[in-house]
Amino acid sequence: MAIPRLRSLPLPLLLVVLLRAFASLPLQAAARGGVGPSPGIAVEKHGAFSRALLQDMPEITDEMVRGYMSNSELEGAVQDFGRRCANVSRIYSIGKSVNGSPLWAIEISDKPGLKEAEPAFKFIGNVHGDEPVGREVLMQLAYWLCDNYLKDPLATLIVENTHLHILPSMNPDGFALRRRGNANNVDLNRDFPDQFFPLNDDIKHRQPETRAIMNWIKQEHFTASASLHGGALVANYPWDGSRDTRKQYYGCPDDKTFRYMASVYSQSHYNMSLSKEFEGGITNGALWYPIYGGMQDWNYIHGGCFELTLEISDVKWPKASELLVIWKQNKLSMLNLVASLVKTGVHGRIFAADTGRPIPGSLMVKGIDSKINASGTFGNYHRMLAPGQSYEVVASMEGFRPKRTHIMLGREAMNLDFILDPYGALKGAKPLRNDCGCSCNDDGGSNKPFLLREAYLWLYLLVLFFLLALYLLFRRRMASRLVAQRHPPPKRPVAV
């Protein structure tokens, strides 16, 4: 039941409704950051991990904190990175915490701050204040990319073909207080609107850190993302909860793609894929332990952003002396996950046939109830899909006829542009540009696609050749005339 409707009820009845709603939900969701596990988790396979993740650490001592950057030191490191790597970075704030700490972000690209038809990825660290490993690892990642750009192929690929955004700390107040929640003691990973938990939809009670993330998603067109946590070693993917709140496998529409992305991270890791607790080092969130109000599911539903929750350390707050080892164990995983944005999937642009201009259409894949929106500036889209599968891809936009095509996605990314006919235009075979040699018409038939750009290129070359031939012919005639003027033929003697 929606919040505005609840407010109209008499106070006693309102209390009864709220108590029943909370009683029907898992403890984590009802408490919006509580410390108890869902019913039955403690006796399940991953129960020990679940309890460890959902509890504040007993005590975080000064000795444990020593060697970690303080909030002021982290801010200084971010600003120093911006000065040192100004050619490939931009420093900006997405908002402030409850206590007023800026939420500093780093953008890494060969054209930072400029809008391009390239996919964007974001990393978020320190969602929970008592899980600080992400802060340190993400700064290591930023410096490695800066130092190895134009030297290492993977670093160069990422910098030149993506826009990578890094938020080292989402919860600086929780870190300063040495606890899981923020300054209001709210678990930020239970604070997002949730498809199964409508009480979370009340925007007035949203924490400022959560609002900052939600606004960030609206401003940037993120293709994929990941948040870094501690307390286990596994790559977690949606859904994080289930409709009936039971602990069970509850896959989202893009389950195959998420499993592929999680496996990219796990298999690139030093030992995550060897886990005895999680097969292949990956897990469905609802199967592990259901949560409600999580950031991961909200990104996918409302932002079209494919987000993973990465548990990168068995210990929530490891010794500072172990940070370099943890970074080295996760480095290749992080790089390969970002690089997968351009190495796999389907990428392209959507155009209007009547104007030739890009349009902010949308992309659907038959059998997958999930829509990806193209950007308004370039009409570009970047659709993550599991490789080795055949798909029917449909591009559409209000006021235009949809276009569809069948593709076979291999191990490499596929480039596919759509040109949509506006309704009311003469129906004809409008072209789709692709590199798959597949059927591309609006009724799923078998007409061969007309490669518009290639046709224009051939036409241009033909005209150029014709003009060149005319020019050479003209030069030849002019040369013949000059020769005739300089060397006139001898006069023939006249017979007497």
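**Note on the cavity and the cores**

1. The largest cavity has 15 lining residues; Asn189, Tyr289, Ile291, Thr309 and Glu311 lie nearest its centre. A cavity here is a set of points, on a 1 Å grid over the protein atoms alone, where a 1.4 Å probe fits but cannot get out; lining residues have an atom within 4 Å of a point.

2. This is a predicted model: local features need pLDDT of at least 70, side-chain atom pairs count only at pLDDT 80 or more, and totals for chains, interfaces and linings use all residues. Residues are numbered from 1 along each chain as its sequence is written, and side-chain values use heavy atoms, with hydrogens and water left out.

3. The largest cavity holds about 140 Å³ of space. Its lining divides into 4 nonpolar, 6 polar and 5 charged residues. Helices (H or I, at least four residues) and strands (E, at least two) are DSSP runs.

4. The largest nonpolar core has 86 residues. Such a core joins buried Ala, Val, Leu, Ile, Met, Phe, Trp, Tyr and Cys through side-chain atoms within 4.5 Å; buried means under 20% relative accessible area (1.4 Å probe, protein chains only). Helix H7 (residues 133–148) gives the largest share, 10 residues.

5. Phe123 and Leu141 have the most contacts inside this core. Beyond its neighbours within four places in sequence, Phe123 is in contact (heavy atoms within 4.5 Å) with residues including Leu138, Leu141, Ile166, Met334 and Val338. Apart from this core lies another, of 20 residues, among them Ala120, Ala212, Met214 and Trp216.

Methods. Buried < 20%, exposed > 50% of the residue type's maximum accessible area, 1.4 Å probe, protein only. 1 Å grid on protein atoms, 1.4 Å probe; cavity = no way out; pocket = protein on both sides within 12 Å on 5 of 7 lines; lining within 4 Å. Points joined across faces, edges and corners; volume = space filled by probe spheres on them. Nonpolar A, V, L, I, M, F, W, Y, C, P; charged D, E, K, R; others polar.
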